[in-house]
Amino acid sequence: LLNVFIYSDNETRIKRAVERYGISEKEAVKSIQQTDKYRASYYNMNSNKKWGMKESYHIMLDSGMLGIDGVVDILEKIYRDKTE
């Protein structure tokens, strides 16, 4: 098991939501806030850890800096290194 937290700055998240889902910036902000609230609640309730805290994960990756493909490449490399 590898616990991974993928995060990004709000500007990148909003831009990605607007482009991907064709929604306004205002809608993107609201959607991101609701999703984060749901994720945190679910994670905190179903684990003995706190969502988003570095102590809860083996690795944290910034998709805003690395890009989605960069995150995938890193996780694929970790998987291959651990399974070979």
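In what follows, a residue is called buried when its relative accessible area is under 20%, exposed when it is over 50%, and partly exposed in between, using a 1.4 Å probe and protein chains only. Serine 56, at 4% relative accessibility, therefore counts as buried. The structure is a predicted model, in which local features need pLDDT of at least 70 and side-chain atom pairs count only at pLDDT 80 or more, while totals for chains, interfaces and linings use all residues. Residues are numbered from 1 along each chain as its sequence is written, and side-chain values use heavy atoms, with hydrogens and water left out.

The protein chain has three helices and two strands, where helices (H or I, at least four residues) and strands (E, at least two) are DSSP runs numbered from the N terminus. Read from the N terminus on, the order of elements is β-α-α-β-α. The C-alpha trace spans about 45 × 30 × 15 Å along its principal axes, and 19% of the 84 residues of the protein chain count as buried.

Helix α1 comes with details at both ends. Aspartate 9 caps its N-terminal end, with a side-chain oxygen 3.3 Å from the backbone nitrogen of glutamate 11. This is a polar contact, meaning a pair of N or O atoms within 3.5 Å; within protein, one atom must be able to donate a hydrogen and the other to accept it, and residues adjacent in sequence count only if both atoms are side-chain atoms. The 12 residues of α1 should span 16 Å at 1.5 Å a residue, and the end C-alpha atoms are 16 Å apart, which agrees; the expected span is 1.5 Å times one less than the number of residues. Just after α1, glycine 22 takes a positive phi of about 65°.

Rings of Phe, Tyr and Trp (its six-membered ring) pair if their centres lie within 6.5 Å; planes under 30 degrees apart count as stacked, over 60 as edge-to-face and the rest as tilted. Phenylalanine 5 and tyrosine 7 form a stacked pair, 6.3 Å centre to centre with 20° between the planes. Phenylalanine 5 is buried, with a relative accessible area of 11%, whereas tyrosine 7 is partly exposed at 35%. Phenylalanine 5 also forms a tilted pair with tyrosine 57, at 5.0 Å centre to centre and 45° between the planes. That pair links distant parts of the chain, since phenylalanine 5 sits in strand β1 and tyrosine 57 in the loop between α2 and β2 (59-62), 52 residues apart. Tyrosine 57 is buried, as is phenylalanine 5. Ring pairs join Phe5, Tyr7, Tyr43, Trp51 and Tyr57 into a cluster.

Serine 56 lies in the loop between α2 and β2, and its side chain reaches the backbone oxygen of lysine 50 at 2.9 Å. By contrast, glutamate 25, in helix α2, is exposed, with a relative accessible area of 57%. Glutamate 25 and phenylalanine 5 are 20 residues apart in sequence and 24 Å apart in space, C-alpha to C-alpha.
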